[in-house]
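Take a first walk through this structure. Keep the sequence and the model side by side as you read.

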Amino acid sequence: MRTLVVATQNPGKLAELQQLLGQTQFQLQPMPPELEIAETGATFQENAILKARQTAQYTGHWAIADDSGLAIEALDGAPGIYSARYAETAQARIDRVLRELKGQSNRRAQFVCHMAVAQPDGQIVAEAEGICPGEILEACVGAGGFGYDPIFWVPSQQQTFAQMGSDLKHEIGHRGLALQQLMPQLQHL
């Protein structure tokens with residue numbers, strides 16, 4: 001079984017990827033805690049590639065990385081690549097988004113996830129992107145998930161990510177959609 005290092009320090013993302021990748025030929029391993037990667041890319045794709053490449057080179061193992069975030073139409077795509085750094089805590093990030101959207105009728109948004117896989121020398125060998133459209137609510141609903149999940153409403157499901165069971169979220173969510181596209185490529189590595 002081949003080792004695949006998951007390039008994230010986010011425990012929510014790590015748990016989600018472990019669930020999604022649990023049935024593959026890879027043995028998942030978390031990113032070394034001492035490895036810090038500056039996300040200097042201007043897009044989700046650039047940051048995912050950067051994280052996968054540096055993690056693979058540092059560990060000498062295959063690495064998978066994603067860069068994902070919330071893009072809100074009325075905020076010109078913000079918080080976007082800065083989603084995790086939009087404020088100090090998860091609740092402060094939610095509060096900031098709600099404050100910035102106060103009185104706004106256009107609440108369309110989407111979660112975007114770009115994934116990249118690098119071989120041990122850092123060469124990128126697979127990429128995929130998943131997008132889940134939705135809307136931003138005016139208050140939190142649901143207790144599950146992490147990050148912006150309690151305010152991200154998915155009209156097709158009539159619930160927030162925070163209300164969904166993990167199986168449904170993996171099926172229709174941005175990270176799950178990206179991984180569904182990536183799986184055939186992973187099978188051939």
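Leaving aside its neighbours within four places in sequence, R175 is in contact with K13, E16, L17, L20, D66, S68, C113, M115 and F146. Bear in mind that this is a predicted model. R175 lies in helix α5, which covers residues 174–187. Is R175 buried or exposed? Its relative accessibility is 4%, so R175 counts as buried, the cut-off being under 20%.

Which strand does β1 join through five bridges? That strand is β2, residues 26–30, and the two run parallel. Find L4, which stands opposite L28 in β2. Between these strands the chain passes through helix α1, residues 11–20. This β-α-β crossover from β1 to β2 is right-handed.

Strand β1 also pairs with β3. Here three bridges form, again in the parallel sense. V5 of this pairing stands opposite A63 in β3.

Now follow helix α2. How far apart are the end C-alpha atoms of α2? They are 22 Å apart. The helix has 16 residues, and at 1.5 Å a residue it should span 22 Å, so the two values agree.

The buried residues of α2 are F44, N47, A48, I49, L50, K51, A52, T55, A56 and T59. An α-helix has 3.6 residues a turn, so residues three or four places apart point the same way. What covers the buried residues of α2? The cover includes β1, α1 and β3. It also includes β4 (108–118) and β5 (124–136).

After α2 comes G60. Its phi is positive, near 75 degrees. H61 is found in the loop between α2 (44–59) and β3 (62–72). H61 has a relative accessible area of 30%, so it is partly exposed, a class that lies between the 20% and 50% cut-offs.

What does H61 touch, leaving aside its neighbours within four places in sequence? H61 is in contact with T3, V5, Q29, A56, A118, Q119 and P120. Among these, V5 is the residue that stands opposite A63 in β3, and A56 is one of the buried residues of α2.

Finally, look from H61 to R99. The two are 38 residues apart along the chain, and their C-alpha atoms are separated by 43 Å.

Notes
Residues numbered from 1 in each chain as written. Predicted model: local features only at pLDDT ≥ 70, side-chain atom pairs only at ≥ 80, totals over all residues. Heavy atoms only, no water. Helix = DSSP H or I, 4+ residues; strand = E, 2+ residues; numbered from the N terminus. Buried < 20%, exposed > 50% of the residue type's maximum accessible area, 1.4 Å probe, protein only. Contact = heavy atoms within 4.5 Å. Pairing = 2+ DSSP bridges. Right-handed = clockwise from strand over helix to strand, strands pointing away. Expected span 1.5 Å × (residues − 1).
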